[in-house]
Amino acid sequence: MAAMLNLPYAVANKCVGFPARKGGDAHGRTATALQLRKPRPGSDASACYMKKHFSSYGGSWPSYAVAMDSKNPRAGSAPSNEPEGIGITEFLGGKNFLITGGTGFLAKVIIEKILRTTPDVGKIYLLIKAKDSEAAMKRLQNEIVNTELFKYLQQLRGVDYNHFLARKLVAVVGNVGEANMGIAPKMADEIAKEVDIIINSAGNTTFDERYDIAMDVNAMGPFRLMSFARRFRKLKLFLHVSTAYVNGMRQGVVLEKPFSLGDTIRKELGYAYSSDLHNTVLDMETEIKLAFCSRHDSNESASSCQEMKDLGLERARLHGWQDTYVFTKAMGEMVLHSMRGEIPVVTIRPSIIEGTCSEPIPGWIEGIRMIDPIILYYAKGQMTGFPADGDGVVDVVPADMVVNATLAAMAKHAQAPAREMHIYHVGSSTANPLTIRDMFSIFFQYFTRYPLSLAAGQPIKVAPMRLVSNLQQFKSNLERDVTLWGASETLSPRARMLFTMYAQKIMHLARIYQPYGFYGCRFDNANTEALFAEMSVEEKAQFHFDVRSITWKEYFTNVHIPGFLKHVMKGRGRFLHP
């Protein structure tokens, strides 16, 4: 083990400064209602703020945004046998945090929630990739302080908003690709002395990323951060954000269990005698050498870049993972488990994270997430089919529920005497499954009622999504669609070129997403449900993450799709919506 850990130190000191690449860093009414935080000063403003945003989408205000579930009474009416709770806000008060990936989608929601619910929190040190402190501060202002996500907090704080954030948020110049996270020595000493909780939310989420880049961020990043964490004087918890899809090609219901160094899904599934598997042991040292030595032997040409992408997919599938992203994330978990020592670690494994369900803004989302390219291509009439099993389950979870589960798990285990490793699947595939067929039916109903329109104003008609059983059938259908698009005599040469380009992108998307369209794994969430049961009625309202309370048609129709069109598309294109 010691030999394995020495290699990454050498690699970390040599292999830094990778070029930035895209994709990396990393409702109708229903009787079942999602709960809001407990009433407090400013709650009327909260209601008005939320109602304003729902009205701007042109949809009705979901019932869960205004009412508590009848099975979960409001704070103050709890029976005597209700649990006392975890003490989430009490724990957060006065604590100092180090958050990596601080300008990323999920981290922003975490930061906003902490600041809004616990104004007496200590400092939040945000690791930001920038050339200097001035550039880091500019990113902090532009990507956090002045964003739509923080408007409600700004409303609550009033004129004190900027001063409040200046006291709480510290922009730290750094890079997960460097030793000690690339933090200046003086700042590193301050962080090591003051920080109570580490939240590692940095990650490269591109499914087919270059093997060296994905390895450097998703596997070596946790190694470097845990190495830095060993210097901390009062560290109470290391919280790592992973993904439920680290379970790779496992089948059936999989439990919330950690990986050990060298685990391989391929061997676990009984493929030890497969002719293409020469070694069923996942040797981290071999993988690290392979990734970085291949990088040094390559150049920046398009062909070399593709070779590094192919290498990652090849290694992932060899060992039983569907792509480079989930493979390297799994290795990151293995590294943390092997070297944590006495440091308590909580690993949060969310499934497909999409827009917020209710707070601070219903439907807030940043960037194009996993399901969103499909929504967009389908709504534009450019994707008429998809390779997937209609009876299969797509595991979706709103971002605010992931954040609430994260903070609850953090508070619970940072206060526990046992210094163990805990895993939480935060998803919906076992508790509230959504089939792929039902999801596409929701999309069809939505864009039939609220179609996008062409530049000339004509609505784009969509047909029910055709689900096909394999990639070849999908390719044939796509080629037929391209032929039909190109047959129009009114199309300009540029339009024909664009259709061809779209077809290439759609084919690539289908190829990458195919393993998920026929995914046979469901994520057990017993630990997550037990965590929710342990919370007080007040905490369940303020930090709600019970996915059983979601009505999927309501969520996509009145929250997620309108939110995506508003916050991500930002008015680009034409949408026929009241």
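Predicted model: local features only at pLDDT ≥ 70, side-chain atom pairs only at ≥ 80, totals over all residues.

Begin with the largest cavity, whose volume is about 180 Å³; select Ile352, Met370, Val394, Tyr516 and Gly517, which are the closest to its centre among the 15 residues that line it. If you then colour the lining by class, you will find 13 nonpolar residues, one polar and one charged. Two helices to display with this lining are α16 (436-449) and α18 (493-517), each of which supplies at least two of its residues.

Select Phe440 and Phe443, whose ring centres are 5.9 Å apart and whose planes stand at 85 degrees, so that the pair is edge-to-face. These two residues are three apart in helix α16 and are therefore separated by about one helical turn. Phe440 counts as buried because its relative accessibility is 4%, and Phe443, at 0%, counts as buried too. Next select Tyr446 and Phe447, an edge-to-face pair with 5.0 Å from centre to centre and 80 degrees between the planes; both Tyr446 and Phe447 are buried.

Now select Phe207, Tyr245, Tyr325, Tyr513, Tyr516, Tyr519 and Phe523 together, which ring pairs link into a cluster.

Finish with two charges over rings: Lys95 lies over the face of Phe91, 4.6 Å from the ring centre, while the charged end of Arg157 sits over the ring of Phe164, at 4.0 Å from its centre.

Notes
Residues numbered from 1 in each chain as written. Heavy atoms only, no water. 1 Å grid on protein atoms, 1.4 Å probe; cavity = no way out; pocket = protein on both sides within 12 Å on 5 of 7 lines; lining within 4 Å. Points joined across faces, edges and corners; volume = space filled by probe spheres on them. Helix = DSSP H or I, 4+ residues; strand = E, 2+ residues; numbered from the N terminus. Nonpolar A, V, L, I, M, F, W, Y, C, P; charged D, E, K, R; others polar. Phe/Tyr/Trp six-rings, centres within 6.5 Å; stacked < 30°, edge-to-face > 60°. Buried < 20%, exposed > 50% of the residue type's maximum accessible area, 1.4 Å probe, protein only. Lys NZ or Arg CZ within 6 Å of the ring centre and 35° of its normal.
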